[in-house]
Amino acid sequence: MSSSEKSIRLSAGDAELTISPDNGCRISSLRIGGTELLRQGERYGCFPMVPWCGRIEHGRFRNGEVVQQMPLNSPPHAIHGTGRDTAWRTARVGESEAAFTYDLVEPWPYSGRVTQTFRLTGDSLSLALGVETYDTSFPAQAGWHPWFLRSLDGSDVAVDFTAAWQEERGDDHLPTGRRIPPLPGPWDDCFGMPDGVDVTLTWPGRLELKVASRAEWVVIYDEQDEAVCVEPQSGPPNGLNSMPHLVTPVDPLEITTDWTWRRL
């Protein structure tokens with residue numbers, strides 16, 4: 001393990017993971033045998049989506065009788081939570097494991113704590129997010145938004161998964177509430193996997209990487225040239241309104257994902 005003011009590096013075998021707690025506790029780099037797997041540049045790495053995932057319709061959600069308004073950071077909607085815009089505190093760091101926290105503050109209207117943990121081995125990365133409340137119960141979501149490189153040394157990735165359904169996407173990029181048979185890509189779409197997220201990315205001749213989670217939703221986004229996003233999350237886009245998970249003093253929100261890889 002090594003660290004600087006702005007980054008923390010974990011290592012195991014020939015795997016190296018770099019985390020930027022000051023920049024939304026984002027994974028800024030994942031290198032396997034010296035090969036970078038995550039896009040660099042403006043949209044890069046892998047960031048946590050918390051306390052919501054994807055878009056909230058017009059930035060508004062209801063908690064009981066109270067309507068809350070989030071800033072419209074992707075007009076006309078609010079997108080991907082506030083955790084990615086926050087400096088996180090380092091709770092512990094070891095050679096191959098680390099944990100970070102931040103307290104929920106404005107513009108999120110409820111007090112609580114978010115924890116993210118990382119555990120790296122030579123052939124896997126385990127991530128976990130937890131959301132707990134200090135006071136009032138509130139709806140929340142959590143997940144991850146990785147930017148996997150489309151090409152590794154000239155080998156373009158293939159994405160393979162079997163979903164039970166696809167959330168029909170309206171012209172406003174929000175689910176319409178209808179579940180439809182999965183359509184062929186390209187995608188910027190949410191899929192239902194009631195037995196858990198299971199997506200395989202294969203760079204022929206280079207690497208196979210599996211993204212797995214006990215969560216039941218995944219967003220696949222491959223409408224770009226340089227990267228492919230596979231985003232396990234605890235609910236669908238606009239889920240604070242359509243399928244709210246209530247965080248209470250005795251029932252936090254917890255989600256995990258495991259990435260495992262092998263050389264080809």
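Two strands count as paired if DSSP finds at least two bridges between them. Strands themselves are DSSP runs of E with at least two residues, numbered from the N terminus. On these terms, β14 and strand β29 (residues 253–263) run antiparallel and are joined by eight bridges. Within this pairing, Leu-129 stands opposite Ile-255 in β29.

The structure is a predicted model, in which local features need pLDDT of at least 70 and side-chain atom pairs count only at pLDDT 80 or more, while totals for chains, interfaces and linings use all residues. Residues are numbered from 1 along each chain as its sequence is written, and side-chain values use heavy atoms, with hydrogens and water left out.

Eight strands form an open sheet with antiparallel pairing, and their order is β11-β12-β13-β14-β29-β25-β24-β20. At the edges are β11 (89–93) and β20 (158–161), each of which pairs on one side only. From one strand to the next, the twist averages 15°; the axes behind such angles are lines fitted to C-alpha atoms, and angles run from 0 to 180 degrees between N-to-C directions.

Four bridges connect β11 with strand β12 (residues 97–103) in the antiparallel sense, and here Arg-92 stands opposite Ala-99 in β12. Further along, strand β13 (residues 112–120) pairs with β14 over nine bridges, again in the antiparallel sense. Phe-118 stands opposite Leu-127 in β14, and a hairpin of three residues leads from β13 to β14. Strand β14 (residues 124–133) is mostly covered, with nine of its 10 residues buried; buried means under 20% relative accessible area, exposed means over 50%, and partly exposed lies in between (1.4 Å probe, protein chains only). As a general point, side chains in a regular strand alternate between the two faces of the sheet.

Charged side chains come next. The structure holds 11 salt bridges, where a salt bridge is a side-chain nitrogen of Lys or Arg within 4 Å of a carboxyl oxygen of Asp or Glu.

A second salt bridge brings together the side chains of Arg-31 and Glu-36, at 3.8 Å from N to O. Here Arg-31 counts as partly exposed at 31% relative accessibility, whereas Glu-36 is buried, with a relative accessible area of 13%. Arg-178 and Glu-168 form another salt bridge, their closest N and O atoms being 2.6 Å apart. Arg-178 sits in strand β22 (residues 175–180) and Glu-168 in strand β21 (residues 165–169), 10 residues apart. Both partners are partly exposed: Arg-178 has a relative accessible area of 48%, and Glu-168 has one of 22%. Salt bridges that share partners also join Arg-89, Asp-103 and Arg-113 into one network.

The peptide bond from Val-50 to Pro-51 is cis, with omega near 5°, and Pro-51 is found in the loop between β6 (46–49) and β7 (55–56). Another cis peptide bond joins Glu-106 and Pro-107, with omega about 15°; Pro-107 has its place in the loop between β12 and β13.

Positive phi values turn up at two histidines. For His-58, a residue other than glycine, phi is near 55°. His-58 is placed in the loop between β7 and β8 (60–63) and counts as partly exposed at 32% relative accessibility. His-80 has a positive phi of about 65°, although it is not a glycine. The loop between β10 (78–79) and β11 holds His-80, which is buried, with a relative accessible area of 11%.
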